[in-house]
Amino acid sequence: MGDYDEETAFLGQTGPYFWTTFFLLNTVFVSTGFNGLYMVFVGATPKHHCLIPDINLTEEWGNAVIPFTEVDGVVVHSQCSRYRLDVVRNLSAEGYVPGRDVNLTSLEQERCLDGWNYSKEIYHSNIVTEWDLVCDDQWRVPFASSTLFVGYLLGSLISGQLSDRYGRKKVVFISLAAQCVSVLVQSFSHSWRMFCVMFLFVGASQISIYISAFVLGTEVLSKPMRVLFTTMGAFLFYCIGYMTLPWIAYGIREWRTLLVVLSTTAVVYIPLWWFIPESPRWLITQGRVKEAEVIVRIAARKNRVEAPTVIFRTLEGPSNSRTYTMLDILKSKKIRWITLMCLLLWMAINVGYFGLSLNTSNLSGNPYMNCFLSAAAEVPAYVVSTWLLKKCPRRALLSSFLVLGGGVLLLIQFIPETFHQVAVALEMTGKFGFTMAFSMVYIYTAELYPTVLRNVGMGMCSSAARIGSITAPYVIYLGTYNKALPYILMGSLTIASSIVNWFLPETLNKDLPETVEQMQECQGLCSGLKKKKYVENGSSLQSQQEFKSDLSTISV
């Protein structure tokens, strides 16, 4: 077929059809916002201590049966042990007074054999309180969180193939239905294992929604609308859902009911099936040209323009395009170095981004407000990054915000407990920096790779990102041993990645490479490689702005 944008240029750059499709598609991303991070509340650990059965103890022994321990320099009641009840019962019956007649430090302790008492001040019920995921079993919480991101990895691998075969629109709505069913079934989980299995399906369906809707939008919308959709629209509507989540969770403190409510919100998307079109570009690749023309003529009627008699024309001659694989990346030393550094960047950014997102329930203050602030910090980040990317060098820009995000995380550990508001403000600043880096690294990485390897390169980086997000819950879990450990690890990794970023080539105002020969050299580490001159092939290279509007060719 000919050039789609040229053949549909009569539709104009804006109009009722494009704006309606823009907003309807963006509403889909709201569901990914509040279904993606409910684990912040469902898996939060409330204050707890050993359950003391109803035995005859004096008031003094009833208050003293839970020993004290030191955590991060603060003396608190132990959450995982108690004094042996048979010993305490005998001492109480004989009239001994703890602290006066008995030295409590000499008493033997035992584990919480009868379970735990949980504070209901913030969370009435969640998976931690229902299945006692504390003390020796507290590792099960980060494991459950990581299953969501394993689902992201699996979903990102199969969703592209499914949408290429069955269509973007079908995959979007099937994934919405799958997410609804998965969350609903998860709310009826009878065990931690079942919860984790269903979380895997939640993650796979959710990333499938995001990728398929993202691709559908870039293929259906006009070039100017495409730029707005890919740089701000999808991210901002995701933030709307993310900011909505803590208020829904605040009103519904019981985890099963919360998940039922979140799952049923998918019902509002059913009418969109009749308003969101299939991608005409995809239909053309499947040889369904007449169906594509029907959609374009409907668009012309809504935009009040007249469509030509023949919209799409066929070009003669077979395609000589070659398919590239990951092996092609390994063949060139230049590409290997750049890919290795990009993989480190993507992993570090995702560890920091999802680590801070999951850590909001562990911060001082109200966890619901902290989660809202964490989500709200992303809004200016997406707006500012879109503006800065048009004018500023990518390398300096990305490194600056990586230093900002990593630097404040290293500073947090020095903030006294009494200044918890300062610590929260610093963490939100870090979230702003990571979100800026998160939005920039997509564009920057794609500008580094030549067209023939861009899909493959972005796919590898996306897989590295999933590995980083799978690791994030365990990084936060380190805080149970030392509160400063997650911040030190995330901060150090981010600062290291900002240094690595300086070895990548600058892409601002540079033509996008079409072939491996046109790809820029990396700096410093690869300076020994032989410099190659850009090859002019008689056709103008795609500009960076046009590339941003054609993100549909990139595996998100």
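I looked up Ser497 and found that Ser497 is buried, because its relative accessible area is 0% (buried means under 20% relative accessible area, with a 1.4 Å probe and protein chains only). Ser497 lies in helix α21, residues 485-501, and, leaving aside neighbours within four places in sequence, Ser497 is in contact with Leu345, Ala348 and Leu402 (contact means heavy atoms within 4.5 Å).

I note that this is a predicted model, in which local features need pLDDT of at least 70 and side-chain atom pairs count only at pLDDT 80 or more, while totals for chains, interfaces and linings use all residues. Residues are numbered from 1 along each chain as its sequence is written, and side-chain values use heavy atoms, with hydrogens and water left out.

I then turned to helix α15, residues 333-358, where 19 of the 26 residues are buried. At 1.5 Å a residue α15 should span 38 Å, and its end C-alpha atoms are 37 Å apart, which agrees (the expected span is 1.5 Å times one less than the number of residues).

Next I checked how helix α10 (residues 223-251) packs with helix α16 (residues 367-376), and the angle is about 175° with the axes 8 Å apart. The two helices are therefore roughly antiparallel (angles over 145 degrees count as such). The contact includes Trp247 of α10 and Phe372 of α16, and its residues divide into 13 nonpolar, one polar and no charged.

Last, I looked up Phe195, which, leaving aside neighbours within four places in sequence, is in contact with residues including Ile127, Trp131 and Trp255.

How values were computed:
Axes are lines fitted to C-alpha atoms, for helices over the stretch in contact, and angles run from 0 to 180 degrees between N-to-C directions. Helices (H or I, at least four residues) and strands (E, at least two) are DSSP runs, numbered from the N terminus. Angles under 35 degrees count as roughly parallel, over 145 as roughly antiparallel, 65 to 115 as roughly perpendicular and the rest as oblique. Ala, Val, Leu, Ile, Met, Phe, Trp, Tyr, Cys and Pro count as nonpolar, Asp, Glu, Lys and Arg as charged, and the others, Gly among them, as polar. Buried means under 20% relative accessible area, exposed over 50%, partly exposed in between (1.4 Å probe, protein chains only).
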